[in-house]
Amino acid sequence: MTDQSIEKKRFARYYVLENGNASAAYRKIHPDCSDSAAHQGGAVLARDSEVQGYIELVEQEDADRHQAMRDRVIQTLERMAFTEVPGIVHLKGGVITHEDWENLSPEQRWCIQSAKQREDGCIEVKLYDRIKCLELLGKHVGMFSDKQVENVAPVVWNINLDGKRETEQ
């Protein structure tokens, strides 16, 4: 690959990074050039057909990378919103216990925001906010208008020692 081809590829990358500012892209390659030289050199390179091909390639690579990132964010939100909590914590004889960490699936581990052992020896497991994850997913698919979604009060479960469950709002 010639030095000229390398310069054209570098210019194309900087051109995209600088949002189409040819002078700024040229200055990244030639930092000591004058403003008029950057303007002229940037204009010449921006019109070059080989450079235009590189620019299209860089823009497509960036679009692909951004789409992959969006897909990962959506998958993570789906994991946190739809993973069943009973697989993480259990009620046994009036006592809430947790699953051994190594037995948790990757989806279940994604749901855990933090875990700590308290001074009394109990382990406190804090999960990510499922309602917030569902809200973000709903916004992504256009389920909600621009109006604010009303805050939803969490459901509190009171568990008696006899195993009966009562809910409060």
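In what kind of crossing, left-handed or right-handed, does helix 4 pass helix 6?

1. The crossing is left-handed where helix 4 passes helix 6, and this, like every point in the present note, should be read with the caution that the model is a predicted one. Helix 4 covers residues 49–82 and helix 6 covers residues 130–140, and the two pack at an angle of about 135° with their axes 8 Å apart. Because of that angle, helix 4 is oblique to helix 6.

2. On the side of helix 4, the contact is made by Ile 74, Leu 77, Glu 78, Met 80, Ala 81 and Phe 82, while helix 6 contributes Arg 130, Cys 133, Leu 134, Leu 136, Leu 137 and His 140.

3. Cys 133 accordingly is in no disulfide, and the nearest cysteine sulfur, which belongs to Cys 111, is 7.9 Å away, whereas a disulfide would call for sulfur atoms within 2.5 Å. Cys 133 counts as buried, because its relative accessibility is 5% and the cut-off for buried is under 20%.

4. A separate point concerns Tyr 15, which has its place in helix 1, residues 3–17. Although Tyr 15 and Ile 55 are 40 residues apart along the chain, their C-alpha atoms are separated by 7.5 Å. Once its neighbours within four places in sequence are left aside, Tyr 15 is in contact with Gly 20, Asn 21, Ala 22, Ala 25 and Ala 46, and also with Ile 55.

Definitions and conventions: Residues numbered from 1 in each chain as written. Predicted model: local features only at pLDDT ≥ 70, side-chain atom pairs only at ≥ 80, totals over all residues. Heavy atoms only, no water. Axes fitted to C-alpha atoms, helices over the stretch in contact; angles between N-to-C directions. Helix = DSSP H or I, 4+ residues; strand = E, 2+ residues; numbered from the N terminus. Parallel < 35°, antiparallel > 145°, perpendicular 65-115°, else oblique. Left-handed = near helix turned anticlockwise from the far one by under 90°. Contact = heavy atoms within 4.5 Å. Buried < 20%, exposed > 50% of the residue type's maximum accessible area, 1.4 Å probe, protein only.
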